Amino acid sequence: KNLETICFTIFFSNLAPKYGKTSRYIIGININLKNLSIMNELIAKIKEMSDALLVDAAAQAEKGNKAAGTRARKASLELEKVLKEFRKVSLEDSKK
């Protein structure tokens with residue numbers, strides 16, 4: 001859990017016994033913050049993986065480095081999985 005999720009959870013947990021209705025929103029806020037945290041992590045991972053892919057693809061294209069081509073193809077498959085995960089989380093978040 002990130003710090004924002006913990007702070008909001010503590011804040012609303014303390015209000016819930018006093019205000020009843022507030023307790024309904026604890027879950028929604030937690031999920032939204034969790035999705036934002038996951039999305040930020042995925043975006044960072046996508047940037048990192050894209051950079052590595054581009055370096056290896058350029059090495060293959062410019063220098064004919066076969067090993068770099070293999071790494072680039074492998075990175076493209078891994079990047080595809082992360083992009084699908086990002087799409088899934090993004091769609092979940094947009095439905096709320």
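The stops below go from the whole chain down to single residues.

A quick note before you click: this is a predicted model, where local features need pLDDT of at least 70, side-chain atom pairs count only at pLDDT 80 or more, and totals for chains, interfaces and linings use all residues. Residues are numbered from 1 along each chain as its sequence is written, and side-chain values use heavy atoms, with hydrogens and water left out.

**Whole chain.** Switch to cartoon view: the protein chain has three helices and zero strands, running α-α-α from the N terminus. Helices (H or I, at least four residues) and strands (E, at least two) are DSSP runs, numbered from the N terminus. Now try a surface. The protein chain exposes about 7,300 Å², with carbon and sulfur atoms supplying 60% of that; such areas come from the Shrake-Rupley method with a 1.4 Å probe, and for residues only the protein chains shown count as cover. Of the 96 residues, 25% count as buried. Buried means under 20% relative accessible area, exposed over 50%, and partly exposed in between (1.4 Å probe, protein chains only).

**Helix H3.** Select residues 66-94, which make up helix H3. Colour the buried residues of H3: Ala68, Gly69, Ala72, Ala75, Leu79, Val82 and Val89. At the start of H3, look for a side-chain oxygen of Asn65 that comes within 3.1 Å of the backbone nitrogen of Ala67.

**Asp56.** Jump to helix H2 (residues 22-63) and pick Asp56. Is Asp56 buried or exposed? It counts as buried, because its relative accessibility is 12%. Show side chains, and you'll find a polar contact of 3.2 Å between Asp56 and Arg71. (A polar contact is a pair of N or O atoms within 3.5 Å; within protein, one must be able to donate a hydrogen and the other to accept it, and residues adjacent in sequence count only if both atoms are side-chain atoms.) Leaving aside residues up to four places away in sequence, Asp56 touches Ala68, Gly69, Arg71 and Ala72, where contact means heavy atoms within 4.5 Å.

**Ala57.** Ala57 is also in H2, and at 31% relative accessibility it counts as partly exposed. Draw a C-alpha distance from Ala57 to Arg71: 8.3 Å, for residues 14 apart along the chain.

**Glu85.** Last stop, back in H3. Glu85 is partly exposed, at 35%, and its C-alpha is 9.7 Å from that of Ile38, 47 residues away in sequence.

How values were computed
Expected span 1.5 Å × (residues − 1).
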